Amino acid sequence: MDNFIAARSQMALSLGFHIIFSCIGMVMPFFMAVSHFYWLRTNEVVYKNLTKAWSKGVAIFFATGAVSGTVLSFELGLLWPEFMKHAGPIFGMPFSLEGTAFFIEAIALGFFLYGWDRFNPWFHWFTGVVVGVSGLLSGILVVAANAWMNSPAGFDYVDGKYINIDPIKAMFNDAWFSQALHMCIAAFVATGFAVAGVHAVMILKGKNVHFHTKAFKIAALFATVAAVLQPLSGDVSAKDVAQRQPAKLAAMESHFYTEKSASLIIGGIPDVKNKEVNYAVKIPGMLSFLAHGDFTTEVKGLDQIPADEQPPVAITHFAFQIMVALGMIMLSIAVLYFIALWKKRDWLQRKWLLKLFAMATPMGFLAVEAGWTVTEVGRQPWIINGIMKTADAVTPMPGIQYSFYLYTAVYVSLAILVVFMLYRQIKMVDKLYDI
Amino acid sequence: MLYVVIAFLWTAILLYLLLGGADYGAGIIELFTSENNKAQTRKTLYRAIGPVWEANHMWLIITIVILFVGFPDIYSRMSINLHIPLTIMLLGIIARGTAFTFRHYDAVVDDMQHLYNKIFAYSSFVTPFFLGIIAGSAVSGKIDPSATDFLSAYIFSWLDWFSVAVGLFTVTICGFLAAIYLIGETDNEKEKKMFVSKALRLNIAAVVCGGLVFIAATLEGIPLLEWVFGNTIGLAAIIAATLSLIFLWYLLYKGKTGMIRLLAGFQVTMILFTTTFRHFPNIVILKNGGYLSLLEHRGHDKTIEALGWALLLGSIFILPALFYLIYSFQRKRIDLH
């Protein structure tokens, strides 16, 4: 494995690992706050137990997310020193604010986890909400930094020099809003479906049904509302990408030739050599409409992008199709759930609905990983879009593949351990929480 | 504003050394506690650091963010030549943080606990050891930006007697801080005695390792003696630290557990002050005699300005909340488990 590929793999692994834990850390506090609120309002002890059970899970995920996040702040320099040397002062603003948000989150988490029966109950509840809000804020800030890589702003690039730096402008770059919105909703969809799915499995197994039903209801509501909102934010993102990164959009859609009334390509296998897509469903004019709001507008194809500036088409295309497909499945489940809530209350008792949720457990996170792949691979070969190539940013230190193997071993074992611990948490619900 | 940022950087490093250091130290003490007492020690330790440990480690993140935003040349130079010790330190951080959390949140208590305990205790030793190595190699003058062969660019940039001695010194300081801190955290007389004897041993170890640092510096041709004793302010700080050490043992003998924490903190502050004062504003010394300076190798003015405001704004939120967190759990010390 060559150094550059090893560095990219290690970065992808680290981010792909961290993103799961940070989503959970961002979203679970809100689920807990709802359950905690019910406990304080209704005095139904099941809500107190649910809040405690969830908070144990959150502590595990938060700690793992915090350490993997710490690692990332170093890895940026360890793997991409040339990038950080120039980009650090420009896109560092969201990171310095994120430091604060993350710090507040850690402090609030200390209050929340260890504060049972020690503080005014509503103060204790409030610290839980602070965990969620500051977590969400951290997420938005980090995504704003990533958005800068897609949409560099706040500096002038003259003769290889970065001048007239404005870190505030860099933070509020053109992509920050659409990306942060899409990511935040994605976190709710992914965590919501994962949590609802796990509890659905337990209900189906007939274990601690009362407990798991309460849990399922809270998670499912967040998940389904977010799943309905997500396509709308996806549309905002798509239009934005079409404007700013036509190469990425072209790769997502395997859109090889610039054309008017461009067709939307669904599925299919791109054949990069012959510049065509096999076995795909094509809807004429739809890509023009989705990208520019008009069925006839011209959509830039890969033919207008120099060969050495094109992202890998197949990976970007597949990742995008997977993300959209999973999003559509979750949207359909959400719609069924809303019908059940409003019109067909008896569906809520049916096994098939729970089975659908159980099946969807991993879907949200798979979609998050796929979406992350689209935004990162779709930006290649650039690390700062149009300014610096990823290959020029990599560390001169040889032997990064060994570092990659080491990280892979560590993260794989950690993932196994976390899943194992989660399994044990759920197994112990019977003894610890369902009284 | 540049000096505000530098002050924050120094304070973040100091707080990480004090709070994070005591946190690591707690694990180091666990590592060197006899099997019979381990369970009790673990309990005290968890009660002492459980609610604050996440916050203690945030200072490292603040440090690194200040470096990469405000002083990118320094950050990227260290990232390149100190890649290996940084990576080992990071693996230590991963292992330690997760093991600490897992052992308290695993719903089933069984043999897995042994694994968590082992990982926690060993990584508590390894991580500050490598932090010390990194700090040592920043000033040892072994980082060579023009080196092309692997060994001199990526190994001998940090692997020398001086940096290793600084690593050991850091470990003993962390252990010492933790022992002093834990004395006030237990009401059990037997355990208190144990922490006092640990504090004494670690104190002696720190003095010995401090001596080793000087010897190693002489071996490596680093003018450490001149740096520390060659100027009045450094000398005064060292004398103050030594005097306060005597005072500390006197107070400990009198049973004043609160005051000794402040004194231990004061000593470590003086050590960091002396070692950084002489070099200011240089933070990395290179092999060719050049250096990376906080004044010369800084980011653009607008960046420093924005970073300074972000830090000031952040501390308005962080400091009161952090203070209240520590205060609350000091006052409401009830058995957590």
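This is a predicted model: local features need pLDDT of at least 70, side-chain atom pairs count only at pLDDT 80 or more; totals for chains, interfaces and linings use all residues.
Chain A contains 15 helices and eight strands, where helices (H or I, at least four residues) and strands (E, at least two) are DSSP runs numbered from the N terminus. The radius of gyration of chain A, taken over C-alpha atoms, is 23 Å, close to the 22 Å that the globule rule (2.2 Å times the number of residues to the power 0.38) gives for 435 residues, so chain A is as compact as a globular protein of that length. Among contacts in chain A with a separation of 6 or more, 76% come from residues 24 or more positions apart, a contact being heavy atoms within 4.5 Å.

In chain B, helix α5 (residues 83–105) has 23 residues and reaches 33 Å from its first C-alpha to its last, close to the 33 Å expected at 1.5 Å a residue, the expected span being 1.5 Å times one less than the number of residues. Helix α5(B) is mostly covered, with 20 of its 23 residues buried.

Elsewhere in chain B, strands β1 (residues 282–285) and β2 (residues 291–293) pair in the antiparallel sense over three bridges, pairing requiring at least two DSSP bridges between the strands. I285(B) has Y291(B) in β2(B) as its bridge partner, and the two strands form a hairpin with five residues between them, where G289(B) in the turn has a positive phi of about 90°.

Residues are numbered from 1 along each chain as its sequence is written, while chains are lettered from A and ligands numbered from 1 in the order in which they are written. Local features need pLDDT of at least 70 and side-chain atom pairs count only at pLDDT 80 or more, whereas totals for chains, interfaces and linings use all residues, and side-chain values use heavy atoms, with hydrogens and water left out.

Conventions: Buried means under 20% relative accessible area, exposed over 50%, partly exposed in between (1.4 Å probe, protein chains only).
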